[in-house]
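Thanks for coming. I have one chain to go through today, so please look at the screen.

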Amino acid sequence: MTGEPLIGDVFGELLRDALAVATGVGPRPMAGGRLPRPVIEIIERDDGLINGAPAAHYLDGPADWQPYDHRAVDRARGETLDVGTGAGRIALLLQERGVPVTGLDTSAGALAVSRRRGVRRLVHGTVDTHVADGQRYDTFLLLGNNLGLFEGRQRAPGFLAALAALARPGAQIIAHGTNPYGTRDPLHTGYHERNRSRGRLGGQLRLRLRYRELGTEWFDYLVCSPDEFADLVHGSAWRLTDVDDRDAPYYLATLRLAE
């Protein structure tokens, strides 16, 4: 034992266990007793901060969603790619509405959970690898705070270019983000300043996920203000056309493919 986790499909494993706890079907995580333990996703930041959150929310149905999730889904039109589909909560509702939707995720385990829950069209990979499949979309949804997949200044141009390569004329991106700069907690404001001193965006997180004995590799995940996001989009094939911040600090950023 080294004290370091095994590298594995953390997200897939925790979603599988969360579904087993929710449905009572399949092996559930136990700790010696008869009652299954709640599934907790551990998020470790590179400065040593550790947070945990119940994974059950990834299975939530529309009745338990936040208002911005409903507003985002209501804007979906045409062929839709649900980027970072996870357990498929967004894709399932779109299917019910008759919207043609494909769920994309890098976690094979997450896709297995989505399939068990009834999502019909799924792709294992990234937006970059999916370009070669020849599929094209009218709407890209990055919900569940998945604006974070832009990562930072280095990744954003390539990410936007891959989405443009997957886009039909007039396509749109709807991304859910969080403005991190309202906090006065020195643990977070200090992290923002440390990032800026290193040439990073203040809310650019360096994270790894943990669950049981597993961990992911370290990765960047972006939490930024709408103004910072507008700067990232500037010069790309996309135009930021709307920022819905009615539920601040959460917001929906809508981008449209330039004519």
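What share of the 259 residues in the protein chain is buried? Buried residues make up 49% of them, where buried means under 20% relative accessible area, exposed means over 50%, and partly exposed is in between, with a 1.4 Å probe and protein chains only.

Before going on, the ground rules. This is a predicted model, in which local features need pLDDT of at least 70 and side-chain atom pairs count only at pLDDT 80 or more, while totals for chains, interfaces and linings use all residues. Residues are numbered from 1 along each chain as its sequence is written, and side-chain values use heavy atoms, with hydrogens and water left out.

Now the overall picture. The protein chain has 8 helices and 13 strands; these are DSSP runs numbered from the N terminus, helices being H or I of at least four residues and strands being E of at least two. The radius of gyration is 18 Å, close to the 18 Å that the globule rule gives for 259 residues, so the chain is as compact as a globular protein of that length. That radius is taken over C-alpha atoms, and the rule is 2.2 Å times the number of residues to the power 0.38. Along the principal axes, the C-alpha atoms fill a box of roughly 60 × 45 × 35 Å.

On contacts, meaning heavy atoms within 4.5 Å: among those between residues at least 6 apart in sequence, 62% join residues at least 24 apart. The accessible surface comes to about 12600 Å², and 52% of that belongs to carbon and sulfur atoms. Areas come from the Shrake-Rupley method with a 1.4 Å probe, and for residues only the protein chains shown count as cover.

As for charge, the chain has 31 positive and 33 negative charges, and their mean positions are 3 Å apart. Lys and Arg count as positive, Asp and Glu as negative, and His and the chain ends are not counted. Each charge is placed at NZ of Lys, CZ of Arg, CG of Asp or CD of Glu.

There is one annotation to mention. An unreviewed UniProt entry gives "domain: Methyltransferase" for residues 81-170. UniProt positions are in the numbering used here, feature names are shortened, and annotations may be inferred rather than shown by experiment. In the model, the span 81-170 is 36% helix and 23% strand, and its end C-alpha atoms lie 15 Å apart.

Just after α4, G118 takes a positive phi of about 115°.

Helix α6, residues 156-165, has A156, F159, L160, A162, L163 and A164 buried. Among the elements covering these are α5 (127-130), β7 (137-142), β8 (167-178) and β13 (250-257). E151 sits in the loop between β7 and α6. Its phi is near 70°, a positive value in a residue other than glycine, and E151 is partly exposed at 28% relative accessible area.

R212 is another non-glycine residue with positive phi, about 50°. Its loop lies between β9 (204-211) and β10 (214-215), and R212 is exposed, at 57% relative accessible area.

I42 belongs to strand β2, residues 40-45, and counts as partly exposed at 28% relative accessibility. Leaving aside neighbours within four places in sequence, I42 is in contact with I50, N51, G52, R208, L209 and R210.

V243 is in strand β12 and is partly exposed at 31% relative accessibility. Not counting residues up to four places away in sequence, V243 touches P226, Y251 and L252. V243 and T254 are 11 residues apart in sequence, with their C-alpha atoms 6.4 Å apart. And where is the cis peptide bond? It joins A248 and P249, with omega about 15°, and P249 is in the loop between β12 and β13.
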